[in-house]
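Student: I have not looked at this structure before. Could we go through it in questions and answers?

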Amino acid sequence: MNGVIERRRQYLHLMRQLTLEKGYFTTTLIQDVAGVPRSTAQDWINRLISEGCVVIKERKQGRLPARYAAMSAVPSSACKRIFTTVDGEWVEIYHDCMSGACAAFCGYHHAMAAGALTHVHREGTLLRECARIGKNPVSIGPYPFPAVGVTGVRRDGDMVVQEIHCIGGPAYSLTDMMSGAQGVIRVTVKKKSGVVEGEVFTKALTHMIIGIDDTDNPGGGATFALALALLQHLAGMKGVIPIGHHVAMLNPKLRGKTAGNSCSFIDLAADPSIVAGIKERALRFVNDEALSPEWGVAIRSGFRVPEELRNYGRLVREEVVTREFAGYIAGLHGIALFGGMGVIGALGGISLWGLDNAVLLNVKAGVPGSTTGDQSLWIGQEPFRKPLQ
């Protein structure tokens, strides 16, 4: 019996591997790779079909053989979404998992390995990693070494390719699960010296950040709620993958604020061909739903936040910034502004993108990446009045 169980395991592994690599397998492929008679290969295929481990993808038609695919009792993929956005030579890698524990495991080992990654951050089940295009080899192995690492990231036409080395559980995820995640085009794998080496291909998407402010009035409404509704609205567009919704506190001493003075911003990954359509739909939605005539929207493509833009984020939390200065800063960084006075806070949201919630929600926490020194590029501008006392 043990021999039968072991052969079943070997055949099922082979069928899963062929399904991963080709999307299907045939009786002839099993016969050739396993080195067994055709009747034996067919018997095992039929047996695993009856057990629900294999399905018929295409029935035999004339000279075209039947095609099969391996199934599994284990979830087809613990990886819900894997996608990538690009900004010049930089890549943001997003891995949305079914389990926060699995995301934490990968985040811990990816950070330990470093490799091509410069930053690893986790929010619940979403793992966000930043990499610069290039290679940086890592040592993978049992404890105390990392079990998985991203050794390289490259562009291949309109795709991003992650080069991953791993062992153990992460190797199973790479060979059996990642290809089933939304956003993954294909996965290739090979084994070398006990380490599984794989390449994960995803579309090179545009990273869009949309800041929103001043959509409510003293009688009702809430900017955070409208921003969240906008994210859900845009997520319905083909070619859009929603990433997140954030709230950031601005200057709490500002006169005329409806409450604590916070703005919202959302980010999403989009096929480059629909960026213009996203802008149009976002503006139409906010214009229809906002309760204040001073609503403002800021839209930016890309995720790298330069120091001067971070400085604006600091100023909008400490000073009273003018609309004209917001337009000046937006023009320097290719950010589109729409609407009334709300564009000041909307741009503030974009300038604070990528910071932890502990910073976003606490104006006393400062703004990492900003400076308080000479602002030579602002000569001739009037960015703010004196701080409110």
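Student: What is the mean pLDDT of the chain?

Tutor: This is a predicted model, and 93% of the residues reach a pLDDT of 70 or more. Over residues 373–381 the pLDDT is below 50, and that stretch has 13 contacts beyond near neighbours in sequence. Residues 383–389 also have a pLDDT below 50, with 17 such contacts in the model. For the chain, the mean pLDDT is 90.

Student: How many helices and strands does the secondary structure of the chain come to?

Tutor: The C-alpha atoms fill a box of roughly 85 × 45 × 35 Å along the principal axes. Among contacts between residues at least 6 apart in sequence, 64% join residues at least 24 apart. The secondary structure comes to eleven helices and 15 strands.

Student: What percentage of the residues of the chain count as buried?

Tutor: A residue counts as buried when its relative accessible area is under 20%. The chain has 389 residues, and the part of them that counts as buried is 48%.

Student: Are H6 and H7 oblique or roughly parallel to each other?

Tutor: Helix H6 covers residues 223–235 and helix H7 covers residues 275–289; their axes come within 10 Å and cross at roughly 140°. The crossing is right-handed. Angles under 35 degrees count as roughly parallel and those over 145 as roughly antiparallel. H6 and H7 are therefore oblique.

Student: Which residues in H7 do the residues in H6 meet?

Tutor: The H6 side consists of Leu226, Ala229, Leu230, His233 and Leu234. Taken over both helices, the residues of this contact divide into eight nonpolar, one polar and two charged. On the H7 side are Ile278, Arg281, Ala282, Phe285, Val286 and Glu289.

Student: How far apart in space are leucine 234 and isoleucine 278, C-alpha to C-alpha?

Tutor: Leucine 234 lies in helix H6 and is buried, with a relative accessible area of 0%. Beyond its neighbours within four places in sequence, leucine 234 is in contact with Ile210, Val240, Ile266, Leu268, Ile278, Arg281 and Ala282. Leucine 234 and isoleucine 278 are 44 residues apart in sequence, and their C-alpha distance is 7.1 Å.

Student: Are H8 and H9 oblique or roughly antiparallel to each other?

Tutor: Helix H8 spans residues 307–318 and helix H9 spans residues 323–332, and their axes, which come within 10 Å, cross at roughly 155°. H8 passes H9 in a left-handed crossing. Angles over 145 degrees count as roughly antiparallel. H8 and H9 are therefore roughly antiparallel.

Student: Which residues of H9 make the contact with H8?

Tutor: From H8, the contact is made by Glu308, Leu309, Tyr312 and Leu315. The residues of the contact of H8 with H9 divide into seven nonpolar, no polar and one charged. The residues of H9 are Phe325, Ala326, Ile329 and Leu332.

Student: Why is helix H10 largely enclosed by the rest of the structure, and how many of its residues are buried?

Tutor: H10 takes in residues 343–351, and its buried residues include Val343, Leu347 and Ser351. Their cover includes strands E11, E13, E14 and E15, together with H8 and H9. H10 is largely enclosed because its buried residues number nine of the nine.

Student: Is glutamine 162 buried or exposed?

Tutor: Glutamine 162 is found in strand E9, residues 159–166. Beyond neighbours within four places in sequence, its contacts are Ile82, Thr84, Ile93, Gly152, Gly198, Glu199 and Val200. At 4% relative accessibility, glutamine 162 counts as buried.

Student: Which residues does a cis peptide bond join?

Tutor: Most peptide bonds are trans. The cis bond here has an omega of about 15°. One of its residues is in the loop between strand E7 and strand E8, namely proline 144. The bond joins tyrosine 143 and proline 144.

Student: Is serine 193 buried or exposed?

Tutor: Serine 193 is in the loop between strand E10 and E11. Its phi is near 55°, a positive value in a residue other than glycine. At 77% relative accessibility, serine 193 counts as exposed.

Student: What is phi of alanine 114 near?

Tutor: Alanine 114 is found in the loop between helix H4 and strand E5. At 31% relative accessibility, alanine 114 counts as partly exposed. Most residues other than glycine have a negative phi. Phi of alanine 114 is positive, near 65°.

Notes
Residues are numbered from 1 along each chain as its sequence is written. This is a predicted model: local features need pLDDT of at least 70, side-chain atom pairs count only at pLDDT 80 or more; totals for chains, interfaces and linings use all residues. Side-chain values use heavy atoms; hydrogens and water are left out. pLDDT is the predictor's confidence in each residue, from 0 to 100. Contact means heavy atoms within 4.5 Å. Axes are lines fitted to C-alpha atoms, for helices over the stretch in contact, and angles run from 0 to 180 degrees between N-to-C directions. Helices (H or I, at least four residues) and strands (E, at least two) are DSSP runs, numbered from the N terminus. Angles under 35 degrees count as roughly parallel, over 145 as roughly antiparallel, 65 to 115 as roughly perpendicular and the rest as oblique. A crossing is left-handed if the near helix is turned anticlockwise from the far one by less than a right angle, and right-handed if clockwise. Ala, Val, Leu, Ile, Met, Phe, Trp, Tyr, Cys and Pro count as nonpolar, Asp, Glu, Lys and Arg as charged, and the others, Gly among them, as polar. Buried means under 20% relative accessible area, exposed over 50%, partly exposed in between (1.4 Å probe, protein chains only).
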